[in-house]
Amino acid sequence: MDPVPLRDEPLEEPLNVRDEPLEEPLKKTLGPATAKVLAEQLDLHTVGDLLHHYPRRYEERGQLTRLAELPLDEDVTVVAQVADARVHTFNGGRGKRLEITITDGSGRLQLVFFGRGVHKPHQELLPGSRAMFAGRVSVFNRKLQLAHPSYAKLGGGDDAVDVESWAGALIPIYPACKGMESWKIAKAVDAVLPRAQEAADPLPPALREGRGFVPLPEALLKVHRPRTKADVEDARARLKWDEAFVLQVALARRRFADAQLPAVARRPSPGGILDAFDARLPFTLTDGQRKVTGEIFDDLATEHPMHRLLQGEVGSGKTLVALRAMLAVVDAGGQTAMLAPTEVLAQQHHRSIVEMMGELAEGGMLGGADRATKVVLLTGSMGAAARRSALLDLVTGEAGIVIGTHALIEDKVRFHDLGLVVVDEQHRFGVEQRDALRSKGRQPPHLLVMTATPIPRTVAMTVFGDLETSVLDQLPAGRSPIASHVVPAQDKPHFLARAWERVREEVAKGHQAYVVCPRIGDDEDEKPKKKQPEDEAEKRPPLAVLDVAAQLAEGPLAGLRVEVLHGRMPPDDKDAVMRRFAAGEADVLVATTVIEVGVNVPNATAMVIMDADRFGVSQLHQLRGRVGRGSAPGLCLLVTEMPEAAPARARLGAVAATLDGFELSRIDLEQRREGDVLGQAQSGARSSLRMLAVIEDEEVIAAAREEAVRVVREDPGLERSPALRLALDALVDHEREQYLDKG
């Protein structure tokens, strides 16, 4: 069938094509009504946007079949002549049904059309006319039939080539929306497809030819209108590569620009605070910690800023590695800042670092060691006097280490000589915040980003592609194993009763426990989240900390000291609760995910996660890492009311089955859409990845990264690749290329 251009109304003026033909608004080509639906429903605004809206899959019309050999329940394509056509009415004349009988000499077949769908075929499929028909064979009244088949009329001549090519064609099925079905999108694509010839090819010719890729216009043609499955493969291979390559070039340019910046080399001086600290440590570093420390110290010794991502399993000792890097910089005369995403975590880091350093954290104080420095805390909720004192210590250089929340980024905060910025839980911060803190140094300080969320290599290369990566995958000696079990509260209520008995048993042994809930429950502004499809089975809101704490204190945990912790408590109250729990003055802490990162209470051995199906896989793994931090084994119980067959139960089963965070993050990503994987992976991005699958396409991403590094090294300004520059502009707002935002 010839493509039918989609047009709501005639155009009044000739097209005014700019230098970038694919940037032309769709309303010029398709008319305002169609363009409005595409823009509002699918975020497609230009010819280029529509050309990059790829089919999700393809249906085959099926090879030509003789009417005598029709298989039931399969898609077939037949060529036949119309024998007769009749319209029947029903429902007192309100309903219409068109029945057409066709024959090819070997047999007969009935076609049926209903409702409004009868008019066009009734006018076009007249007795004696020949056509191709495609549809699924079904049975009605013991006769084979095709209901609402697609059809294409054939001319008088027996044009076998046309017949064969139409029958064997792959039908593209597009991601559609209300008011714009796949076939309408296909028509819209037909209207703009000739413009694909004008697409600027971002791949340098040598690279394209060297890797055997088809040119971009050909790839766009083949992805939208493939003749064979090989066409689809050619197109996908090329378009995936484009996405990976353009993104990697953007990241490589950022790395290249950062490498040109000057920085002060920070080498630890022998006999300084770092050596004094190492002498205090009651244990030796793991091989992994030594290796990663070597990588960090090598970077600190160079005269351009370090940009390193330190990822490690929960409890692998990242904080210790970061602290030794901070002390090395203090030795070299600089200051260091650690940025934490929450006040609870900032306070926790401050407390644990001061404890680890002992008198080395008491610089300028009576009893402080000779080589000591000051460790100060700076958060938004501090009193004015404490805040003034902290700011003074920073500007004079008295404080070698400052730990704080985003309050560190404020304009008022001045450093004497900022040498290193450590960002904890990077996924909570955008690059803008990271860079705002870095801009506080006289020269750009070194940067170490830490995350306890294990990130598969491909995602690290894609989302954190401007950072070099170090991985700590070895747990320190003395860390205990954690046993995890799913507790199906609905199917087996006695399992939940047993869970509370286990908590009592742990407390009886002198240990402590966490109970985690998805919600706080003290406020009507807690808007319920949109329901996930699998939540429909249970309409109740997620369990809340305040309700659960009250029920436990009066019921199964009566007599135990139960405390509550959540994000909306005043900071001093939160800190007081954490101190009491850390000191063993509370048995059970009922909390929200505020305890997810950084909370370290070695005596806590049990965790019960209520409504565990409401949390993501990686989040459950993070939470579980809060127990088993001492010498006693840890226990994590995942409570759910989901039925056994629900996908959420399979997710919980996966968490219970392995302690390998990298394996779990892989499972997590495989179960989510690609857009969720990258989050807002590109700030200002016009489109996220459409063809590239971050988990499956590891080889493509790795190869694209290598090529991107080579291209940027040879031509940093991309002067020799104007089309590649154009593609970068489309991917990222030009002025903000340095802010490839990290979801």
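**Close-up 1. Packing of helix α10 against helix α12 in the predicted model.** Helix α12 spans residues 318–331, and its axis lies 8 Å from that of α10, at an angle of about 145 degrees. On the α10 side, the residues in contact are I273, L274, F277 and D278. They meet L320, L323, R324, L327, A328, V330 and D331 of α12. Sorted by class, this contact holds eight nonpolar and three charged residues, with no polar ones.

**Close-up 2. Crossing of helix α10 and helix α13.** Here α10 (residues 273–280) is shown with α13 (residues 343–357). The two axes come within 9 Å and cross at roughly 85 degrees. Angles of 65 to 115 degrees count as roughly perpendicular, and α10 and α13 are therefore described as roughly perpendicular to each other. I273, F277 and R280 of α10 make the contact with E355, M356 and M357 of α13. Four of the contact residues are nonpolar and two are charged, while none is polar.

Close-up 3. E506 has a relative accessible area of 5% and is buried, because buried means under 20%. Leaving aside residues up to four places away in sequence, E506 touches H511, T605 and A606.

**Close-up 4. Burial along helix α20.** This helix covers residues 617–624 and is mostly covered, with seven of its eight residues buried. The buried residues are V617, S618, L620, H621, Q622, L623 and R624.

Key:
Residues numbered from 1 in each chain as written. Predicted model: local features only at pLDDT ≥ 70, side-chain atom pairs only at ≥ 80, totals over all residues. Heavy atoms only, no water. Axes fitted to C-alpha atoms, helices over the stretch in contact; angles between N-to-C directions. Helix = DSSP H or I, 4+ residues; strand = E, 2+ residues; numbered from the N terminus. Parallel < 35°, antiparallel > 145°, perpendicular 65-115°, else oblique. Contact = heavy atoms within 4.5 Å. Nonpolar A, V, L, I, M, F, W, Y, C, P; charged D, E, K, R; others polar. Buried < 20%, exposed > 50% of the residue type's maximum accessible area, 1.4 Å probe, protein only.
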